[in-house]
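This report goes through one protein model from its overall layout to selected residues. Please keep the sequence and the coordinates at hand while reading.

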Amino acid sequence: MAGERGFELDLKAAVDALRRRTQQYQLLAEQAADGVLLVTSGGRLLNVNAAASQILGYGRDQLLKVHFSDLLAADQRGLDPLSLLQLGPGKQASAAGRLSHRDGRAVDAELNATRLPDGRLQIVVRDRTEE
């Protein structure tokens, strides 16, 4: 019994620590000035931060319904500016690209992608339109 109680306390402490760490990372991503997109290996958006919504003019829920390629400006469609298909686990790529704002205007952006160990992509979007 005493051993079980100790295990339960250790497990609860580990879960609490994991929860705090997850909240810290979520806060960090939400506070970032750059857009952060979490994308499946197939190109579907899983999560976005507030800056991504602002840069692209879409609400979070709207962005979670689209494919990353749908966010490329019309003159970029069919291109793979970050060579995402060839990006291996743990690898990074950077490129200039043009994304499409909800209102139809092009957004000049710096795109930085990292392939995460589980196959998902983290794409950081920096708006360069006004620079």
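## Overall layout

The model is predicted. The protein chain has three helices and five strands, and their order along the sequence is α-β-β-α-α-β-β-β.

Of the 131 residues in the chain, 31% count as buried. The accessible surface amounts to about 8400 Å², and carbon and sulfur atoms hold 53% of that area. Among contacts with a separation of 6 or more, 37% are between residues 24 or more positions apart.

## Nonpolar core

The largest nonpolar core contains 22 residues, and the members that touch the most others are Leu37, Leu45, Phe68, Leu99, Ile123 and Val125. Two or more residues of this core come from each of β1, β2, α2, β3 (92-100), β4 (106-115) and β5 (121-127). Strand β4 gives the largest share, four residues.

Leucine 37 shows how one of these members is surrounded. Apart from neighbours within four places in sequence, leucine 37 is in contact with Leu45, Asn47, Val48, Ala52, Phe68, Leu121, Gln122, Ile123 and Val125.

## Valine 36

Valine 36 belongs to strand β1, which spans residues 35-39. Its relative accessibility is 19%, so valine 36 counts as buried; the cut-off for that class is under 20%.

With neighbours within four places in sequence set aside, valine 36 contacts Asn47, Val48, Asn49, Ala52, Gln122 and Ile123. The C-alpha atom of valine 36 is 9.6 Å from that of asparagine 112, and the two residues are 76 apart along the chain.

Asparagine 49 sits in the loop between β2 (45-48) and α2. This residue is buried because its relative accessible area is 2%. Which backbone oxygen does the side chain of asparagine 49 reach? That oxygen belongs to aspartate 34, at 3.0 Å. A polar atom of the asparagine 49 side chain also lies 3.0 Å from the backbone nitrogen of alanine 52.

Serine 53 is part of helix α2, residues 50-56. With a relative accessibility of 13%, serine 53 counts as buried. Not counting residues up to four places away in sequence, serine 53 touches Val48, Tyr58, Gly59, Arg60 and Leu63.

## Salt bridge between aspartate 34 and arginine 126

Side chains of opposite charge can pair when their charged atoms come close. The structure holds six salt bridges. One of them joins the side chains of aspartate 34 and arginine 126, with an N to O distance of 2.7 Å. This pair connects distant parts of the chain, since aspartate 34 is in the loop between α1 (2-31) and β1 while arginine 126 is in strand β5, 92 residues apart.

Are the two partners buried or exposed? Aspartate 34 has a relative accessibility of 17% and therefore counts as buried. Arginine 126, at 34%, counts as partly exposed.

Arginine 98 and aspartate 108 form another salt bridge, in which the closest N and O atoms are 3.1 Å apart. Arginine 98 is in strand β3 and aspartate 108 is in strand β4; the pair, ten residues apart, links distant parts of the chain. Arginine 98 is partly exposed, with a relative accessible area of 30%, and aspartate 108 is partly exposed with a relative accessible area of 30%. Both residues belong to a salt-bridge network that includes Asp75.

Aspartate 103 and arginine 105 also form a salt bridge, with the closest N and O atoms 3.1 Å apart. Aspartate 103 counts as exposed because its relative accessibility is 52%; exposed here requires over 50%. Arginine 105, with a relative accessible area of 40%, is partly exposed.

Definitions and conventions
Residues are numbered from 1 along each chain as its sequence is written. This is a predicted model: local features need pLDDT of at least 70, side-chain atom pairs count only at pLDDT 80 or more; totals for chains, interfaces and linings use all residues. Side-chain values use heavy atoms; hydrogens and water are left out. Buried means under 20% relative accessible area, exposed over 50%, partly exposed in between (1.4 Å probe, protein chains only). Contact means heavy atoms within 4.5 Å. Accessible areas come from the Shrake-Rupley method with a 1.4 Å probe; for residues, only the protein chains shown count as cover. A polar contact is a pair of N or O atoms within 3.5 Å; within protein, one must be able to donate a hydrogen and the other to accept it, and residues adjacent in sequence count only if both atoms are side-chain atoms. A nonpolar core is a set of buried Ala, Val, Leu, Ile, Met, Phe, Trp, Tyr and Cys residues joined through side-chain atoms within 4.5 Å. A salt bridge is a side-chain nitrogen of Lys or Arg within 4 Å of a carboxyl oxygen of Asp or Glu.
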